[in-house]
Every structure is written in structure tokens, then in C-alpha cells.
Amino acid sequence: MDTVVLLLCTGLGLGALYFLVASGLSLIFGLMDVLNFAHGALLSIGAYATWWAGTEAGFPFWLAVPFGTLLGTAAAVLLELFLIRPLYSRPRDQILATVGVGLAIPALLMGVWGADSRPFPQPALLSGTWHVLGATVPVNRFVLVAAAALVLLTLRLFLARTRYGLIVRAGVEDRAMVTALGIDVRKAFTLVFAIGGAAAALGGALGGLYFGSVSPGQGTGLLIFAFVVVVMGGMGSVTGAAAASVGVGLVQQFANYYTGAGLGDLSVVVLLAVLLLVRPRGLTGRLA
Amino acid sequence: MSAETPITSTGGPAANRSAATSAGGTDTSPAMTAIPAEGTDTSSADTAIVERGTDTGLAETHCEHGGEPGAIPRTGDSITNRWTGVHRALRWWPIALLITLLVAPYSALPVPGLLDGPLGSPGSLQLLALCLLYGALATGYDLLLGRTGLLSFGHALYFATGLYATDLGMLELQLPFAAAAVFGVACTVLLALLLGSVSLRVTGIGFSMVTLAFAQAGSILVQRNPGGITGGEEGRSAPADLLPPGLLGIENTANLYWIAVGYLVLTVAAVYWAVNSPAGRVWEGIKENERRVEVLGLRPYGYKLVAFVMAGGLAGLGGVVYLLLTGGATPQAASSDATLALLVMVVLGGSGTRWGPLLGGVLYTWASHRLGDLANSTAVADLPAVLRVPLSQPLFLLGALFVAVVYLLPGGLARLPARIRAARSARSVPAPTGVRTARPTGGTPA
């Protein structure tokens, strides 16, 4: 029983991490049709900025996380303004440009801080364990779930209640129509990139807690599973991404524990292929 | 890309076909004054021809698209005649290049800066062979990306299948090398047929992601080492006792190099043949507009599957060559980075062109090896940290280069000569006074 609870909590934590990456990825793809291969790099930027602020600069942890998130957001905005925007008329080249950035940024991080993983600062408050139904669960799992829930709630409110949220939702449905109505969608593009970058960087900052260390390849490794989540959840749907990330996180944890290491990762990837083939539009049936 | 000058149209296929009989060999006099020579200048340094040939030859492939087939050479114009002569001679540059490549192991020519040792030394030949291998792999991959318009993120899977299946055929099934190679390529073709028929059911970005998923599954499988077969992180080295003795040891590097050259020739010929076949024309149609191909009554699915299987099979054969070159199979070959590297090569050189992917593959492989040396050199070590750190990371330089190519050089290096010529002719021909021609007829220097 306690094993199941531990797996459940860990799976939920992993799912929360996936959601933080996938929500932005999903919105960006839904609105702009750009499959952002640099999203993993944004996560790495967030993770390294938090790590740097927490150790080398000596910030307290509660300040280091916003610092990392802010830096990731800034990187996302710069990426959109200087690389994606000049290529609006060449959709395939947009993807290729993000591939290049996705290669370059982890390499740069590796050049600055080395290829080895660095231990992540664990504040005393978050490094303990809680006893839940007889299982001993690290606190950081709950931190991740709480952060993801908060991001989900904020995104839902933003999309449902604000004017820009309305533009983004409309843009996901039919971009040409929104443009025809005289609304500058490009501002929404930058905004969506900023939101996605912030979520991914927060994921990186908190992912350091989950993994206990930061390494240059972490973001890219998570990106594939985030793709799975985006496809399963339906591209452009935040709620769908939330549901799918919980599913993927749980399936991966349980399969890895009960059937042998690696089989969980494999099953998730095969799941992506099967799902795309059976339902090309994703679980929620939105535009793909 | 409207660099159609009268010069190029006179050098069209009809003129060249007649030239094929007269221009017996290559000419080494400076390009501007070259006249079609009947006799062959045998005292020439081969490399000079090749270098000049590469520059103009790449431009020529584009002229072929723009040039009017069957245009009659204007015999009266002496300058045009001279240009035709240059074109006649340069039309043979791939042959000259091939001969240069074939005799390279016999040469002790030092190439300072480009290679560490002299041309024929084992180290240089190994690097050259790798360059040619990746050039060929990129050419095969372009069958999907540039010819059919399919953005596959899983091409490394087929390369790795050829690599691992051949290696395991020897290690586990005790097959001799030739049989293992056939086994490896057969496995690859079967896998490409199976996965291709499944993943081509979705189109667009969905296809990219399905191929990525399959390749990732393969990569995970190889790394997890099921039943101790794949060797996990370390991979498996090829058994020396089952390989032909002529392919073993450092003194036989030249043989491996020739195999790489052979693989390159085979790939380029296969791609050339396929693209010019009726199926190739349908591929081009699919790339431009798949819906219209369907409207014409053709089913794109089958054509795309043929392209997918053919590209996969070529990649599998490349895996066999790679096994010989490196003497083992490692999981890096299956990683998604390997596919991305192929993508970078093709885009760098120019997708959809005959020589672009080859050029890109050679340049990328050479650069990634030489940049590693650059990173360790003292010139870089003395730089301030702001410059040293990025320069010491080959992957960073390549990623940045890739972004720069996508951004500044759409169409890749292969389209560069055409772009320069277009820019130059636009400058050299001022528009007639008062009249603005909608489409300039091209800048003739005459």
C-alpha cells in the first residue's frame, strides 16, 4: 500500500513537471503552429538560473525561484521577438530555428558549468518528508503539484476572464479570422511565448528540487514527454494538457516500478504513436 | 531565384550533350579565358579543378532548372562561346571530383588547416570517410525532407537499425560479414516499411512527432540493453574474427575509405535516379501541394511510403558502412540528436538540391571534428571567458550556425552562388530609363 501511495505521489509530481512544460508548448503550438523545440532549453535556463541564484549568488530559495522564472520568461520573449517573428511567413523554418536554439543553449550551459549534474540547493523547509497513509513522501512532490495547480488555475482564469485570454483562445480557434477582425495577433504571440517560457522556467526551477540536481540535458530529455502530453491533451488545450500530464506521469512511474526500468518510458512513447494514429486530433478532439 | 542569364540557357542540356563528345577533359586555365580544349592538360593539379568546379558546378545545377532545354547556342557571340566552353568543361566536375576522391589515399599532399596529417594518412582518410558517409546519409535523408516534403524526426532509427542489426548478426547469429550486412539492410527496410506504413497515416506535424516517438522508443530500447544484447551505454564492438581481414587495422583505412566513397556514389546515383523517375515527379508534386496530387487521381500514400522505405534502406546501408568505419555500434547513433544533426546538414547545404545535402554533410562532419580541436587549442584557451566558453562548445557553434543559415540563407549553401549572381546581375543592369521591366531578362555581361 505504501509503495502505491509513494508511486502515486511521485507520479503526480512528475506529471506536474510535465504540465509546466507542456502547457506553454501546447498554447504556442495551438496559437502559432510552431512546435517549439527550444522549450526544453527554456526549462534548462530556468533551472540553471535558479541554481546559480541559490548557490553562487547566495539568494534565499524563495527569491531564487522567481529569479529563474523571470530569466526564463525573458529568454522566451527574446526568442520570439528576434528569431520567430522574422520567420512568420516561413512556418517550417520557424521549427528549424527552434531546433538550432534547442541545440545551442544546452551546449552553452554545458560550456559554462560543465557536463556533470550539479547538486541543487534544497531549502530545509522543502527537503523533509511527509507521512501520507503510511508512506514516506518527499515534500517537493507536493510543492510541484501545488505549483502546477496554481499555474493551471491562473492560466484558466487568464484565458477565460481577460481580454488577451480571449484573443488567445480565438487565435487558437482561427487565427486568420482574428487577424481579419483587426486584432494584432503578434502581440498575443509574444505574450503566449512569455507565458510558456515562464511556466517552463518555473518547471525547471522546481524540477531541480524533484531531481535533486541540474544538468544541461535535463530540459531536452523532458521535452519528448512534454510532446506526448501535448498530443494526448489536444494541441492548444491547457486543461487537456493537465489531464494528459497526470496520466503520463502515473503510467510512467507505475510501469517503471512494476515492469522493469525503462519500460515505462518506452510505453509512454509508444502510447504517443498509437494515440496519434488512432486519434490524430488528440483526446479532446481539438485541432491538431 | 531568377538568375537565368542567356549564358546559362546556351549551356543547356542540348548544348552540353553535344559538348560531351568534344570536351575530352578538364581545363585548368583561369575560368574567364577558358576555351574548350580538345586535348587534356595532364600536368594539372587535380585539386585546383575540383575547387573551381565545386563553386561553379553548384550554380549549374540550378541553372538546369531555369535554363531552356533545347536552346540553340548563339555561335556568333564570342563571349557566350567562351562561357559555353567553361560550362562544357565544368559539367564534368563530379567525375573529376570522384577521381580525386578515389586517388586521395595515394597522395601525401599536406592540407594544413583542413586536416591534421597529409591527405593519404590513416587519420585524414578516416575523417574524410566519415565526412563522405554523413554527406551520403544527408543526401538520403533529403529524399524525405527536400524531395517529398516529409519532416521526419526519426531517421536516426534506420541508421541505427542497420548498424546494430549488422553488428548483432555477426555477434549473436555468427553470420559472416557479408551475410550480416544483407541481414542488417533487410531488417532496416522491413522496419522502415512497417513504421513508415503506420506513421504516414498522419500528415504534417503529426508525422514528425510519430517518427520522433518511434525513434525515441528505439533509442530507449538500445540504451536499456534488453537481455544484454545491445550493450547499453557502451554499445557492442564488431567481432574482429568475422570481418574480412582487408577491412581491419589502421593500415587498411584506405579500403574503408573506398567503401565510403562507393556508398556515397551509390546514394547520389540512387537519389538522382529516383528523383528523375516518374515517382520522383509525384514526390515533387506532393511536396508542393499534396491535395492537388490527390485531385489528379494519384494516391500520395504509396509514393510517400516508397520514399520513406528507400531513404530508410539507404540509411541502413550507411549504418553498415559506419560499423566498418568505427568498428562498433554505440547508442549515440540512435539518439534524437543524430536525426537533428542530419537535419542541420541538409538545411545547411540546401534541401531539395542535388549536391547541397552532400556539401552540408561533409562540412558539418568536418566542422564538428575540427571544432573539437579548435576548442582544445591554445589560441582559444588564451581568450577571455566570454569568447572562450562558446568557442569551446562545438554543438553551440553548430546550433548558432544552423540558426544563422535558416535565418540569413534560406535554401542553404547550394543556393548561395545563384543568390550572389542574382544580386550581381541586378546591380550590373540598370533598368532602362523610364521603363521598368517587370522581370529583368537577366544581366548579360556582354
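## A buried alanine in chain B

Let's start at A315(B), which sits in helix α13 (residues 300-326) of chain B. Keep in mind as you look around that this is a predicted model. Is A315(B) buried or exposed? A315(B) counts as buried, because it has 30 C-beta neighbours inside 10 Å, and the cut-off for that label is 20 or more.

Leaving aside residues up to four places away in sequence, A315(B) touches L137(B), G140(B), H155(B), Y158(B), F159(B), G162(B) and T188(B).

## Chain B as a whole

Stepping back, chain B has 446 residues, and 45% of them count as buried. Its secondary structure is made up of 19 helices and 2 strands.

How much of the contact in chain B links residues 24 or more positions apart? Among contacts with a separation of 6 or more, such pairs account for 74%.

## Where the two chains meet

Now bring chain A into view. Here 32 residues of chain A are in contact with 33 residues of chain B. On the chain A side, the elements that give two or more residues are α4 (91-113), α9 (218-233) and α11 (263-278). The largest share comes from α4(A), with 14 residues.

What kinds of residue does chain A bring to this side? They divide into 26 nonpolar, 3 polar and 3 charged.

## Two crossing helices in chain A

Helix α9(A) also meets helix α2 (residues 39-55) of chain A: their axes come within 7 Å and cross at roughly 135°. That angle makes α2(A) oblique to α9(A). The crossing is right-handed.

From α2(A), the contact is made by H39(A), G40(A), A41(A), L43(A), S44(A) and A47(A). From α9(A), the partners are Q218(A), G219(A), T220(A), L222(A), L223(A) and A226(A). By class, this contact has 6 nonpolar and 6 polar residues, with no charged ones.

## A hairpin in chain A

Finally, have a look at strands β2 (residues 129-132) and β3 (residues 135-138) of chain A, which run antiparallel and are joined by 4 bridges. Which residue in β3(A) is the bridge partner of H131(A)? That partner is T136(A).

The hairpin has 2 residues between the strands. In this hairpin, L133(A) takes a positive phi near 50°.

How values were computed:
Residues are numbered from 1 along each chain as its sequence is written. Chains are lettered from A and ligands numbered from 1 in the order in which they are written. This is a predicted model: local features need pLDDT of at least 70, side-chain atom pairs count only at pLDDT 80 or more; totals for chains, interfaces and linings use all residues. A residue is buried if 20 or more other C-beta atoms lie within 10 Å of its own, exposed if 12 or fewer, and partly exposed in between; C-beta atoms are placed from the backbone. Two residues are in contact if their C-beta atoms, placed from the backbone, lie within 7 Å. Ala, Val, Leu, Ile, Met, Phe, Trp, Tyr, Cys and Pro count as nonpolar, Asp, Glu, Lys and Arg as charged, and the others, Gly among them, as polar. Two strands pair if DSSP finds at least two bridges between them. Axes are lines fitted to C-alpha atoms, for helices over the stretch in contact, and angles run from 0 to 180 degrees between N-to-C directions. Angles under 35 degrees count as roughly parallel, over 145 as roughly antiparallel, 65 to 115 as roughly perpendicular and the rest as oblique. A crossing is left-handed if the near helix is turned anticlockwise from the far one by less than a right angle, and right-handed if clockwise.
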